[in-house]
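Subject: Structure for you to look at

Hello,

Please find the structure below. My notes on what was found in it follow.

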Amino acid sequence: MSLPDSLLQEQLRALGYRDPDLVAIGMQGAVFRLGDEKVAKIWFHAEEAELRTLRELYDALDGQLPYRTPRMLELRRPGPYWVTIEEELPGVPLYEVAPEFGAPGWERARDCVVDVIDALAQVEAPEVLRRTSVLDETSPFRPEGVSWIDALTGLVRRRAARFDGQLVDDFDTKIEALLTRLSDLKEPESRLVHGDVTAGNILVDEDLRPVTLLDFGLLTMAGDPVFDAAATASVIDLWSPRSREVEAAYDATFAARLGYDPEQLLLYRCAYSLIIANAHDDDPYDRDSHVPLTAKFFNSPQVAELLSR
């Protein structure tokens with residue numbers, strides 16, 4: 001059952017904010033505008049220790065990118081959920097102003113997204129990422145001494161176990177092939193991987209230039225920038241019936257501009273799709289799972305061919 005907005009607003013009123021205005025609801029929580037250049041985020045699943053670590057991450061990222069990033073001003077618990085009070089940051093969500101895929105001017109939106117991915121790839125992963133977890137896990141994703149490849153393959157194994165072999169045709173065979181292909185990759189230099197660069201998390205100005213990047217923490221890691229590119233091409237227009245065309249267009253640009261290998265992008269996209277497929281399982285707003293999309297992707301000829309080599 002969906003949470004009533006009134007329950008969420010009541011928490012903010014308990015903190016002295018009279019007229020909180022709902023801005024967005026995501027997998028991690030709900031965001032309200034408070035006035036006085038502040039917003040509040042009500043976290044559906046996060047606990048105090050996780051949010052304090054996230055605050056460390058925000059502090060470590062301050063000034064590291066050519067865009068604004070979140071700053072946590074307060075951490076409170078007025079009711080059943082933790083609440084962070086943060087700075088209201090400039091820009092409007094890219095999805096509100098970007099032309100549709102293939103429409104005149106669409107390339108400007110694509111270039112905006114690629115610019116963000118390129119900027120993230122230039123940032124050395126901060127130390128705090130050795131202590132952060134991903135999704136609903138509680139243990140650090142990649143503690144000190146653990147390689148990116150080992151951390152990623154471990155996460156893929158854990159997420160695949162949730163499906164009990166029911167996701168796609170020849171599930172176990174495909175997963176083992178995916179894990180083998182991932183294990184064969186060269187260990188990359190660790191960079192900042194956002195993990196959730198969506199058209200809602202990029203705020204832009206009137207010229208579609210990125211000015212703010214939001215929502216670190218869901219799948220933020222110390223890892224390979226190519227993984228970030230692969231994930232972004234998938235989620236930037238996730239529910240579009242032309243999603244495969246969108247991915248192909250982004251992959252071509254990542255290859256041309258950043259030198260990323262298209263086959264590695266596809267391999268990482270397989271891993272990402274599996275990792276994120278059931279991340280909505282505990283969503284209090286009961287939104288659609290990604291599982292059907294992941295199943296369709298894994299059953300596609302493109303993926304079947306990749307994982308049969």
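**Salt bridges and a hairpin**

The side chains of R68 and E87 form a salt bridge, 3.2 Å from N to O (a salt bridge is a side-chain nitrogen of Lys or Arg within 4 Å of a carboxyl oxygen of Asp or Glu). R68 sits in the loop between α2 (48–61) and β4 (72–76) and E87 in strand β5 (residues 82–87), so the pair ties together parts 19 residues apart in sequence. Helices (H or I, at least four residues) and strands (E, at least two) are DSSP runs, numbered from the N terminus. R68 is partly exposed at 40% relative accessibility, and E87 is partly exposed at 22% (buried means under 20% relative accessible area, exposed over 50%, partly exposed in between, with a 1.4 Å probe and protein chains only).

This is a predicted model: local features need pLDDT of at least 70, side-chain atom pairs count only at pLDDT 80 or more, and totals for chains, interfaces and linings use all residues. Residues are numbered from 1 along each chain as its sequence is written, and side-chain values use heavy atoms, with hydrogens and water left out.

The whole structure has 25 salt bridges. Another one joins E247 and R244, at 2.8 Å from N to O. These two residues are three apart in helix α8 (residues 243–258), about one helical turn. E247 is buried at 5% relative accessibility, whereas R244 is partly exposed at 36%.

Strands β1 (residues 21–25) and β2 (residues 29–35) run antiparallel and are joined by four bridges (strands pair if DSSP finds at least two bridges between them). A hairpin of three residues links β1 to β2, and A24 stands opposite V31 in β2.

Regards
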